[in-house]
Structure formats: C-alpha cells, structure tokens
Amino acid sequence: MTGRGRFFQRAELDPKWPVCFLIIIVGMVLAIFEGSLAQWSALYGSTPMLSLIFLYWVALHHEKYVLLVTGFLIGLTSDILFSDLIGGRATVYIAVAFVMELRRQRLLQGDFREIWVDFSVVATAVAAFQLVIFSALNLAIPSLTPVLFQVGLTMILFPIGYVILSTMSNAVQKLRTL
C-alpha cells in the first residue's frame, strides 16, 4: 500500500515563525532595558526609545520576519512598563511597522542619511502621538523638555544602534553559511 494523499505528504515546516518569535523576545528585552535606563539620573527619567530603533531596523532589513503583532507586543511591553495608558505605544508601533512596509523599498535604495532622516521623522511622530494621547486623557500638557530630550537622544543613538544591529546580522549570516 503506497501512501498517497494529503495525509502522507511530507510536513511543510515554516522556519519563519521561530525568527519572528525571537525578534519579539529581543524587542521585549530592549523595552525592559529601556525601563532600567529610566533609573539613571543622567537621563532625567526620559529614556531613548531603543525598542523603536530595533523595530525600525528589523522592519527595514528583515521585513519578512516583522508582523504587525511584533510591533504590538513590543509596544505593549513598553506600555506596561512606562505608560499610564495601555495601548498607546502599541498602537504607534503597529503604525511604524505598517509605514515601514510602505517605505521600505525607497529607503533601501537611498543612502544612510535618508534612512536617518526618515527615522527622525518616525521618532518625532511617535513622541508627538504619545504627547497628544497623554494630553487628551489628562487634559494637561506635560513638560516638553523630557519629550524633546527623549527624541533627541533616540535620534543620536540611532546610527550606533543601526551599526551594532547590522554587524550582528552580518555575523549571524556568516555563521549560517558555515
């Protein structure tokens, strides 16, 4: 008796899901690390958005591993650690993942300066969205100095994070080929 039919076909394993899961875990760990940076008095309680840097880089260079749920879970972790409002960062991180799907090809054809400017616009939009949501819910405008400090520090750290993530990605690619 030969095995014919759908029950006897070889199982198709999708290697995409373990990598997606790993990206979500790394993003959540970065969000937790952001929380630990908030304890440093030098940062004035306004930490750089490291998880946004990671999400932006992964969405730019490894788009097949970034799902909308990736941005949601990383943002939800940040919300649980930082925000009074659950879902504020999660919503904007979903929007970042979606926008990166649309702009990815154009950014990859440009130089690093164009990527950096686009990230600066995204980081500013994230901070502005959070500021609007906070102001609407609390009926008060918070101090803008920590918000500007957070956006500026995130923009300054983006090239460093970009190089570190690219170097680690290249090292993993070389290890895969061995």
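Residues are numbered from 1 along each chain as its sequence is written, and side-chain values use heavy atoms, leaving out hydrogens and water. Because the model is predicted, local features need pLDDT of at least 70 and side-chain atom pairs count only at pLDDT 80 or more, while totals for chains, interfaces and linings use all residues.

Me: How far apart are the end C-alpha atoms of helix 4?
Reply: Helices here are DSSP runs of H or I with at least four residues, numbered from the N terminus. The expected span is 1.5 Å times one less than the number of residues. Helix 4 covers residues 88–109, so its 22 residues should span 32 Å. The model agrees, with the end C-alpha atoms apart by 32 Å.

Me: Where does helix 4 bend by about 60 degrees?
Reply: A bend is the angle between axes fitted to the seven residues ending at a residue and the seven starting there. In helix 4 that angle is about 60 degrees at arginine 103.

Me: Is arginine 104 buried or exposed?
Reply: Arginine 104 is found in helix 4. Buried means under 20% relative accessible area, exposed over 50%, and partly exposed in between, using a 1.4 Å probe and protein chains only. Since its relative accessibility is 12%, arginine 104 counts as buried.

Me: Which residues does arginine 104 touch, not counting those up to four places away in sequence?
Reply: Contact means heavy atoms within 4.5 Å. With that cut-off, arginine 104 touches Ala59, Leu60, His61 and Glu63.

Me: Which helices do the buried residues of helix 4 pack against?
Reply: The buried residues of helix 4 include Ala90, Tyr93, Val96 and Leu107. The packing partners of this buried set are helix 1 (16–37), helix 2 (50–61), helix 3 (68–82), helix 5 (112–138) and helix 6 (144–177).

Me: With which residues is glycine 75 in contact, leaving aside neighbours within four places in sequence?
Reply: Glycine 75 lies in helix 3 and counts as buried because its relative accessibility is 0%. The contacts of glycine 75 are with Arg89, Ala90 and Tyr93.

Me: How many aromatic pairs are there?
Reply: Rings of Phe, Tyr and Trp (its six-membered ring) pair if their centres lie within 6.5 Å; planes under 30 degrees apart count as stacked, over 60 as edge-to-face and the rest as tilted. By this rule, the count is seven.

Me: What is the angle between the planes of phenylalanine 112 and tryptophan 116?
Reply: These two rings form a tilted pair, 6.0 Å centre to centre. Being four residues apart in helix 5, phenylalanine 112 and tryptophan 116 are separated by about one helical turn. Phenylalanine 112 is partly exposed at 30% relative accessibility, and tryptophan 116 is partly exposed at 34%. The angle between their planes is 40 degrees.

Me: What is the centre-to-centre distance of phenylalanine 158 and tyrosine 162?
Reply: Both lie in helix 6, four residues apart, about one turn of the helix. Phenylalanine 158 is buried at 0% relative accessible area, and tyrosine 162 is buried at 12% relative accessibility. Their tilted pair has 55 degrees between the planes and a centre-to-centre distance of 5.6 Å.

Definitions and conventions
Helix = DSSP H or I, 4+ residues; strand = E, 2+ residues; numbered from the N terminus.
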